[in-house]
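I open these notebook entries to record what I looked up in the structure shown below.

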Amino acid sequence: MKQGLLIIIFLISSINSFSQEDKLSLELSYPLAFGNNFIADNYNGYVDLGLKYRIYELNLIKLGAGINGGFFSNTKSSINKDYNVSVYNIQPKLFVEFSLPGLEKFHPQLGLGYTFTLFNGKPGNGINSNQLISFFDTQSGFNFNAGLAIDLIKNIFLQIQYDYIKFDSKNGTLFTPYNTNINLLKFGLGLRF
């Protein structure tokens with residue numbers, strides 16, 4: 001946690017060295033899981049932090065790499081209250097950003113990557129909590145995303161992004177769409193530097 005904070009502070013303090021190129025962007029979003037899947041039914045999203053680097057520019061497209069980290073928790077009433085579960089998404093990706101002639105403030109994006117989801121459960125305040133032990137589990141799978149960034153002013157933008165995650169089947173988890181197909185919407189602000 002401290003190392004991640006130090007990296008963010010270093011990146012922000014380096015804004016001047018990148019300010020002429022606008023190759024880097026930092027994004028802060030609210031993640032919302034939806035649809036018929038176990039994440040949407042049992043967890044609330046709190047924050048998603050993203051970092052993108054535009055590696056190559058060719059006429060109307062920019063190619064780049066990025067990473068997002070998100071946090072969810074089981075605060076919905078439908079989950080078993082014997083556990084407090086924290087869920088962390090880590091999403092490295094490659095992306096393409098498009099420039100639209102005549103619509104310079106709009107930047108559609110498509111991305112492809114992989115999602116690692118970490119579940120950290122600790123006994124909560126339920127009836128059986130004193131008999132339970134902590135657990136740690138992971139799920140992972142391919143991630144496709146599509147989004148739109150809209151410039152507010154020169155280096156600040158609004159963004160909306162849709163993520164579709166297809167988890168692999170593992171450890172006896174039933175291979176059903178409910179357990180493997182995850183839909184996320186992310187709404188937020190970004191800063192290019």
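This is a predicted model: local features need pLDDT of at least 70, side-chain atom pairs count only at pLDDT 80 or more; totals for chains, interfaces and linings use all residues.

Residues are numbered from 1 along each chain as its sequence is written, and side-chain values use heavy atoms, with hydrogens and water left out.

Entry 1: I looked up the strands, which are DSSP runs (E, at least two residues) numbered from the N terminus. Eight of them form a closed barrel in the order β1-β2-β3-β4-β5-β6-β7-β8, with antiparallel pairing. Neighbouring strands of this sheet are turned by 25° against each other on average, direction ignored; the axes are lines fitted to C-alpha atoms, and angles run from 0 to 180 degrees between N-to-C directions. Pairing requires at least two DSSP bridges between two strands. I found twelve bridges between β6 and β7, eleven between β7 and β8, and ten between β1 (residues 24–34) and β8. N145 has D163 in β7 as its bridge partner, and P31 stands opposite K186 in β8.

**Entry 2: salt bridges.** I counted a salt bridge where a side-chain nitrogen of Lys or Arg lies within 4 Å of a carboxyl oxygen of Asp or Glu. The structure holds five. Which residues does the network of salt bridges link? I found D48, D163 and K186 in it. The closest N and O atoms of D48 and K186 are 3.3 Å apart. D48 lies in strand β2 (residues 44–58) and K186 in strand β8, so this pair ties together parts 138 residues apart in sequence. D163 meets K186 at 3.5 Å, N to O. D48 is buried at 3% relative accessible area, and K186 is buried at 1%.

I also looked up E97 and R54, whose side chains meet at 3.1 Å, N to O. E97 is in strand β4 (residues 83–98) and R54 in strand β2, 43 residues apart. E97 is buried at 1% and R54 at 4%.

Entry 3: Is I153 buried or exposed? I153, in strand β6, is exposed because its relative accessible area is 54%. I153 belongs to a nonpolar surface patch with L152, I156, L158, L189 and L191, about 490 Å² of accessible area together. β6 (135–153), β7 (156–167) and β8 (181–192) each give two or more residues to the patch. Patch residues have over 30% relative accessible area and no salt bridge; like charges are joined within 9 Å, nonpolar side chains (Val, Leu, Ile, Met, Phe, Trp, Tyr) within 5 Å. Accessible areas come from the Shrake-Rupley method with a 1.4 Å probe; for residues, only the protein chains shown count as cover.

Note on methods:
Helices (H or I, at least four residues) and strands (E, at least two) are DSSP runs, numbered from the N terminus. Buried means under 20% relative accessible area, exposed over 50%, partly exposed in between (1.4 Å probe, protein chains only).
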